[in-house]
Amino acid sequence: MDQTAFLLGFTIMSLGSLAIYATGKKSHPSGHHTLLHASVPFIAATAYLAMAFGIGTLFKLDGSVTYLARYLDWSVTTLLSSLVLLAFHEHGRTGEVGGHLTAIIVLDVLMIATGLVSSLTGPSFAKWVWYAWSCVAFLGVLYLLWGPLRMLAKSRGMALGTAYNKNVAFLTVIWFLYPIVFLIGPEGMKIITDPTSVWAILIMDVVAKVVYAFYAASNLDKALEQHSTERGHQS
């Protein structure tokens, strides 16, 4: 197992977390977004450090490898809560926010958990049933993000709605690559090798957790400025 990718991932995620917090706004209403985005790569850095030391790494009989730290990381570092917060922009009713958060988090955890089961299952029909069920949960996540949450974001004003659309579009493109890499990787059809899969996921993780954080913060800052201007004109 080549540890270079894992150590590089740990380094990039650690520095990315520090950079996000250092450059992000700390005051309301952007402060909680800064904290959330900074915590995501920090957690990912911990997972990459664990993988570098071989902690939670399972070598299976068919020669493939399952990195348990990776799945644990994915289950807690998705940026769905950030998108929900942007959709409501702190104006949704408590029950309304809680309902959408609960639904989207449950689907997300289910997506990761069933993906892990598929990874642990040997070559069989059951393996692809679990993979398909994970994809169904993923489609449920996308439905909530592009359906009701997108409408809520639009209801907060044109600026916030546009920022939400940009952010969710960015993440959707990246997220679609993960099940593809799983499918063709050593946990799936074994078309690509484990090192190739590790490097591909590293690149996707960096884009989804570090690059996206700066992109989303920029969109939010612009949206909040435009939102204030819109409210000023309306008053």
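The legends below describe views of one predicted model. Local features in this predicted model need pLDDT of at least 70 and side-chain atom pairs count only at pLDDT 80 or more, whereas totals for chains, interfaces and linings use all residues. Residues are numbered from 1 along each chain as its sequence is written, and side-chain values use heavy atoms, with hydrogens and water left out.

**View 1. Secondary structure of the chain.** The chain holds 9 helices and 2 strands, taken as DSSP runs (H or I, at least four residues, for helices; E, at least two, for strands) and numbered from the N terminus. Read from the N terminus, the order of elements is α-α-β-β-α-α-α-α-α-α-α. Along its principal axes, the C-alpha trace spans about 65 × 35 × 25 Å.

**View 2. Burial and charge across the chain.** Of the 235 residues, 46% are buried, that is, under 20% relative accessible area with a 1.4 Å probe and protein chains only. The chain carries 14 positive and 12 negative side chains, the centres of the two sets lying 6 Å apart; Lys and Arg count as positive, Asp and Glu as negative, and His and the chain ends are not counted, with each charge placed at NZ of Lys, CZ of Arg, CG of Asp or CD of Glu.

**View 3. Surroundings of Ser 119.** Ser 119 lies in helix α5, which covers residues 94-120, and counts as buried because its relative accessibility is 0%. Its side chain makes a polar contact with the side chain of Glu 187 at 2.4 Å, a polar contact being a pair of N or O atoms within 3.5 Å where, within protein, one must be able to donate a hydrogen and the other to accept it, and where residues adjacent in sequence count only if both atoms are side-chain atoms. Leaving aside residues up to four places away in sequence, Ser 119 touches Lys 60, Thr 66, Tyr 71, Lys 127, Phe 182 and Glu 187, with contact meaning heavy atoms within 4.5 Å.

Terms used: Buried < 20%, exposed > 50% of the residue type's maximum accessible area, 1.4 Å probe, protein only.
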